[in-house]
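Visitor: Please show me how to read the features of a structure such as this one.

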Amino acid sequence: MDYRNSGVDIEAGYASVELMKQYVKRTLRPEVMGGIGGFSGAFSLAGIKNMEDPVLLSGTDGVGTKLKIAFLLDRHDTIGIDCVAMCVNDVACAGGEPLFFLDYIACGKNVPEKIATIVSGVAEGCVQAGCALVGGETAEHPGLMPEDEYDLAGFSVGACDRKDLITGEELKPGDVLIGIASSGVHSNGFSLVRNIFEMSRENLTRFYPELGATLGEVLLAPTRIYVKALKSAKEAGVRIHACSHITGGGFYENVPRMLKDGVRAEIRKDSYEVPAIFRLMAEKGEVSEHVMYNTFNMGVGMVVAVDPADVEKTIEAFRAAGEKSFVIGECKAGEKGVDLC
């Protein structure tokens, strides 16, 4: 009897590490010390020494049941982008620059080529966010998970000067709300998605004219990473007063998180075009409008509040970073919360 007969293949683990090294190399920053394969990832903080009052920020998350779509389609090259996005967007919306990232993959069986493909997506997400992939863990769990399934999670650490933190304290009535477009469903609400649509390979590979693509392509579209967009606004001299990453809980849960007491957000639903995938889900699943806006991002992945004088400068900065954005509402005096009208 040995470990392999028990379901854990140590040699496969070594092979996975060798295959993923080429992807990890793309993410390296000058601050990274050492290479992949050590017991910990080392990252020099020399780059933040010039900050007046450096603050570390962290974010952790997973991909959730969106993974079920990847399993059915046997496509694993973009799911890692989702994992990175869910973490670094949280760091960025607090004003931080993501510095490094680590991932955790739990699988029923370690297939080196599949693990390396997953990590290639993680590396791509790190490249998009400008952070280094300094390490991770692949855990083989025979008997606990099906052999062809896995779970993916991670965390990011970032930094910013205390004076650059986005806390919402500067928010005031009259501030304008700008929404940055999402790439689709992102990585939240998939338990509902999987109840609306038949979860079969046949249906996921079916072309939907109203979507202009197959259902699987639209649902697997990776989460947008907004790090460069927010950095672009900062470099343009925009002071963002408040920011919200629209994730699980949609507008109703996430927008209030960016507000301070005495300020209420008013968002106009007709201020932008809601992507076709959300309209299709509402119709096909007979999902109420309130539930849709309380579950999904509805086409807006990030909301920022700025002074009215900075609106055009902000939109142009986002455009320069490759992101589409639009004015979706404003802040008013009132009880902390959000109105969709």
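Visitor: Against which elements do the buried residues of α10 pack?

Guide: An α-helix has 3.6 residues a turn, so residues three or four places apart point the same way. Here, the buried residues of α10 are in contact (heavy atoms within 4.5 Å) with α5 (190-196), β8 (207-208), α7 (215-220) and α11 (289-293). Helices (H or I, at least four residues) and strands (E, at least two) are DSSP runs, numbered from the N terminus. The model is predicted, with pLDDT of at least 70 needed for local features and 80 or more for side-chain atom pairs, while totals for chains, interfaces and linings use all residues. Residues are numbered from 1 along each chain as its sequence is written, and side-chain values use heavy atoms, without hydrogens and water.

Visitor: Which residues of α10 are buried?

Guide: In α10 (residues 276-284), they are Ala 276, Ile 277, Phe 278, Leu 280 and Met 281, buried meaning under 20% relative accessible area with a 1.4 Å probe, protein chains only. After α10 comes Glu 286, with a positive phi near 50°.

Visitor: How much space lies in the second largest pocket?

Guide: Rolling a probe the size of a water molecule over the atoms shows where empty space is left. The second largest pocket holds about 460 Å³; a pocket is an open set of points on a 1 Å grid where a 1.4 Å probe fits, with protein on both sides within 12 Å along at least five of seven lines. Its 28 lining residues (an atom within 4 Å of a point) have Gly 95, Gly 96, Glu 97, Cys 160 and Lys 234 closest to the centre.

Visitor: Which element gives the most to this lining?

Guide: α8 does, with 5 residues.

Notes. Grid points are joined across faces, edges and corners, and a volume is the space filled by probe spheres set on the points. Buried means under 20% relative accessible area, exposed over 50%, partly exposed in between (1.4 Å probe, protein chains only).
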